[in-house]
Amino acid sequence: MNSIARDADSQVSGRPGLFFQVAATMVLVVVFALVLTTLLNALRFQETFEDLVARRLDVVVQDIASDLLVGLDLGLGLEAMDNLDAIVARQLDKSDGLAAIGIHDCAGRPLAVARDDGAASGGEPVWMAFLNERYWHRFDERIVAVGTTLRNSYGQCAGGIAIEYEAESFRGIREQVIGRLVGAALLAACLALPAVALLGLLLRRRHRMLLRLRLDLEALTLADAAGERVRAEPRLAATGADSELLDAYHAARPVLVEEAGLAPPVAAPEGERGQPSRRWPRAMTRWLGSPVVQVLILTSLTLLLALLFVSWTTAETLRGTLLPELAHKGTAQSLQAGRNVQRALDLRIPLDALVGVDSLYEELRRDDDDLAFLAIVAADGRLLHAAGMAREKLAEVLAAPNDAHAGLLAAEQSRRAGYLVSSLALRAADGRDAGAIHLGLRESSLIRPVQDNFADLLIVLLVSLFIAFELMLLVVTVNVTLPLRTTLRVLGDVAERRFGLVHAESAWDELGRIARRLDAAVRRAAGRRGIVPSAIREPRLVGVRLLAFLFVCAEELARPIMPAFFGQLTAATEGASSHFGAGGVMALHMAVVALAMPIGSMLYARIGRRRMYAAGALFASAGLLGTGLADSIGQLFWWRAVSGLGYALTFVACQGFVIESTAADNRARGSAMMVGGIMLADICGPAIGGILAAWIGHAATFMLGAALAALAAALVTILMDRHSDHADQPPRISLRAFALALRTPWLVIVLLFAAVPAKVVLGGLLYYLTPLALMDLGANEAQTGRIIMLYGLVALLTGPLFATLTDRFQRPVLSLAVGGLVTAVGVIPMAGADSYVGVALGVLALGLAQSLSIPALVAAVLTLTQRASAVHGQGPVMAALRLVERLGGAAGPLAAAALANYFGVARAMEFFGLYVLASTLLLLVLLRLTDRRRQRRPPSGGGIAPEDAS
């Protein structure tokens, strides 16, 4: 036995395939998070940089416009002004980085143009494309331009101003920053290396234990062949599921020794037995000992550190890159403010007698949120005027030490107490020093991209953790959990001296070698008894979880933008209503899903689950791609119908796989595996889709969903097991069973006043009205996605608890009623919401109500249809329930569209709340009336009283 231990020590450096798979998964998740984070930071930097450039050039445009508007207000046309060339030349001389300034008439003819190279301006002016806009910006690879349209006192077009900026310098700065961000992401990715090393240490102990266990099995085999005495089994310490394996092996080993005809084991020498470790509480030990938990904790810490490092590096990079641009903007704004003050000084108005400083500050502040204060000081340093900040605080800021870096700021600028201060000297009419004007910009605007991205980065972290959980669960379940579960069954069978089970398949890792050695021992013992063992395997249901996640996430990516996107496209069709068009498109998709599921169930046996899933995923991919490229309402209806067909087929295929691979004792666990993937997709899809839609556009988001669906089709052969242990198939809707079920008045009441309202509200209120309400409040796609995500998040967290409570108290109808009341109450803050908080509270209430109602609805239906289920089974009844639910879901967007079109979004929400409230009250009243009728004339057979279900 000592040689065995030495052999184990010498071979412990080997690594099973599990290490490489888990390490690759960890690196993949970290890279995904870093790529998405770097992309968001780069896009946010570009947006912020363009905003700074545009605001700086806006100041120049406004300065020119103020000169021209004086003449326009006097009735002069631009053609009649003879000082246009002097105006543009003066502005070009005093503004750095400008390529050209031009003034044009309304026909596009140049009236005055000045370029830094002295060349003449040619071609159509860029401002002609923005004729109806007051201020406009244009950024592309060739030109950066800002301008305005001038109008006379009658509101008619008088001409336009256009300023061009050096695009080449803009490209250089952008490339430099993106290079630094990519470099930071690469450095952060290196954090995965120590995490992988730590992962190796975590798996090392387990690998050592498994190796010694296999060598002990080999020793038993050798001793059996040689007729030798065997030593006592090693007592190895382990935690989590591995402790179950050791306990099972210790129970089965004496039986193997006895059946092999070996001599009883001798006592182990003192000190050879391993000392079991101190036991924690059993639940905590198993939880911490789970490989999924250990790897997920390690991955979470790695992701958090990597994203923090990237965010810090991004903040430092942007601070140095955007500071010169912020300084340029401050200089332009101080010149604009100083020009107004200087005009008063030229009229011999003393600085201390100035009025309207607050109005001047508010005018500048209206166009620039970064502006913090405006101060005017006398020549002796006295603070004469203060706007935007209290006088005492402003005096402290101006007196703070200057920490400006040489070369980044102009001579008249300083950095004091977190503010970039731009100063401009003022001269009295006689030329003497009159004082100065100080304009302060918040330095926090330099890291605004990181601050604005904070919520998005949290979503990236959350989604990355969910993806890590899904992938780690798949890898660990396939490589550890399922083989271990089969081994435990074989060892338990050995301990009971039956010798009737062996592994149907085993991997080439250490656990697989143990399985093969164990099978050899079992077959030898079974042969001596004349028994032929049966090969067993655990169904690989974990694959269906990822498949369900993929096809649902592909659809949910565009959930936050669907109403607006569909409405914009249908509004472009002559005679079509945006509300009715968008509602009709969403209703058509849900109706196709409802009608295609029964058809898919009937074709399931002929097509097979793998081919059905692959076909459905390809249909969904084509439908999403066509939706993104659609340019007419007809195309939109067609492609959404194709997408709905694909969704139905993939759902039926996953459901059929669960049914075929499970029996009555583990079917609930298999269904929970699939539902878990769907619920995670409901969280991740809207959240990440809203972020991406805000940057890549609506059409590209649908295309990304199409790519995800195509990926699901490619992975089906890997993730969906070829084998199945049962011949059951997805339930088909029997018309006879459906008719028998509908004869039950209690079931009809529950369907009409509980099942249908729940899905109508989900499809109409959450998926249609909520995005529109948020859009009316000014929310962008990312904010909409985050709020809709709350529905899936609260359902995921509270669903198991409410299901347990429903089973414990056996009052499903009461749970349905409470869920309906919670929904009705949740609509109140949504309908009158004037901020995102009210809508978010309503979505949370809806998720809470649905997580309470869904398990209660299933329990109530199965309880109320015992008679139909006794004849036809529960499958047809449940299929009928799902059909009615999905038809209700299809009616939701149509009802929401009609109400929003005639009454507005807020009133439409109120109608939905009243509808749910009325349905809930009718549910309780009608069930009570039906109960009294039953008490007067009891039913003749197998029904169940509604009070037993309530």
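Tutor: We start with the open sheet and then move on to the cores and the ring pairs.

This is a predicted model. The open sheet has 5 strands, in the order β7-β6-β10-β9-β8. Their pairing is antiparallel. Strands of a sheet pair through backbone hydrogen bonds, either parallel or antiparallel. Which strands stand at the edges? They are β7 (383-387) and β8 (413-416). Each has a single partner strand, so one side of each is left without a neighbour in the sheet. From one strand to the next, the twist averages 20 degrees.

Now look closely at β8. Strand β9 covers residues 419-427, and β8 pairs with it in the antiparallel sense over 4 bridges. Two of the partners can be named. S414 has V421 as its bridge partner in β9. R416 has Y419. The hairpin of β8 and β9 has 2 residues between the strands. There, A417 takes a positive phi near 55 degrees.

Next, the side chains of β8. In a regular strand the side chains alternate between the two faces of the sheet. Q413 and R415 point one way from β8, while S414 and R416 point the other way. Are these residues buried or exposed? All are buried.

Helix α9 (residues 357-366) lies across β6 (371-378), β7 and β10 (433-442). Helix α9 runs at about 150 degrees to β6.

Now the cores. In soluble globular proteins, nonpolar side chains tend to be buried together. How many residues does the largest nonpolar core have? It has 138. F566, Y613, L769 and M909 have the most contacts inside it. Helix α22 (residues 745-776) gives the largest share of this core, 19 residues. Take M909 as an example. Leaving aside neighbours within four places in sequence, M909 is in contact with L765, L769, T770, A773, V827, M830 and A831. A second, separate core has 63 residues. I101, L326, A378 and L409 are included in this second core.

L84 lies in helix α3 (residues 84-94). At 4% relative accessibility, L84 counts as buried. Beyond its neighbours within four places in sequence, L84 is in contact with L68, L78, I103, L111 and A112. L84 and L111 are 27 residues apart along the chain, yet their C-alpha atoms are separated by 7.5 Å.

Last, the rings. The count comes to 8 aromatic pairs. One of them joins F551 and Y647, with ring centres 5.4 Å apart. The planes of F551 and Y647 stand at 80 degrees, so the pair is edge-to-face. F551 lies in helix α14 (residues 542-556) and Y647 in helix α18 (residues 633-661). The pair therefore ties together parts that are 96 residues apart in sequence. F551 is buried, with a relative accessible area of 6%. Y647 is buried too, at 15%. Ring pairs link F551, Y613 and Y647 into a cluster. Y613 was also named among the residues with the most contacts inside the largest nonpolar core.

Charges meet rings as well. R559 lies over the face of Y767, at 4.0 Å from the ring centre. The charged end of R886 sits over the ring of F651, 5.3 Å from its centre.

Note on methods: Residues numbered from 1 in each chain as written. Predicted model: local features only at pLDDT ≥ 70, side-chain atom pairs only at ≥ 80, totals over all residues. Heavy atoms only, no water. Pairing = 2+ DSSP bridges. Axes fitted to C-alpha atoms, helices over the stretch in contact; angles between N-to-C directions. Contact = heavy atoms within 4.5 Å. Buried < 20%, exposed > 50% of the residue type's maximum accessible area, 1.4 Å probe, protein only. Phe/Tyr/Trp six-rings, centres within 6.5 Å; stacked < 30°, edge-to-face > 60°. Lys NZ or Arg CZ within 6 Å of the ring centre and 35° of its normal. Core = buried A, V, L, I, M, F, W, Y, C linked by side-chain atoms within 4.5 Å.
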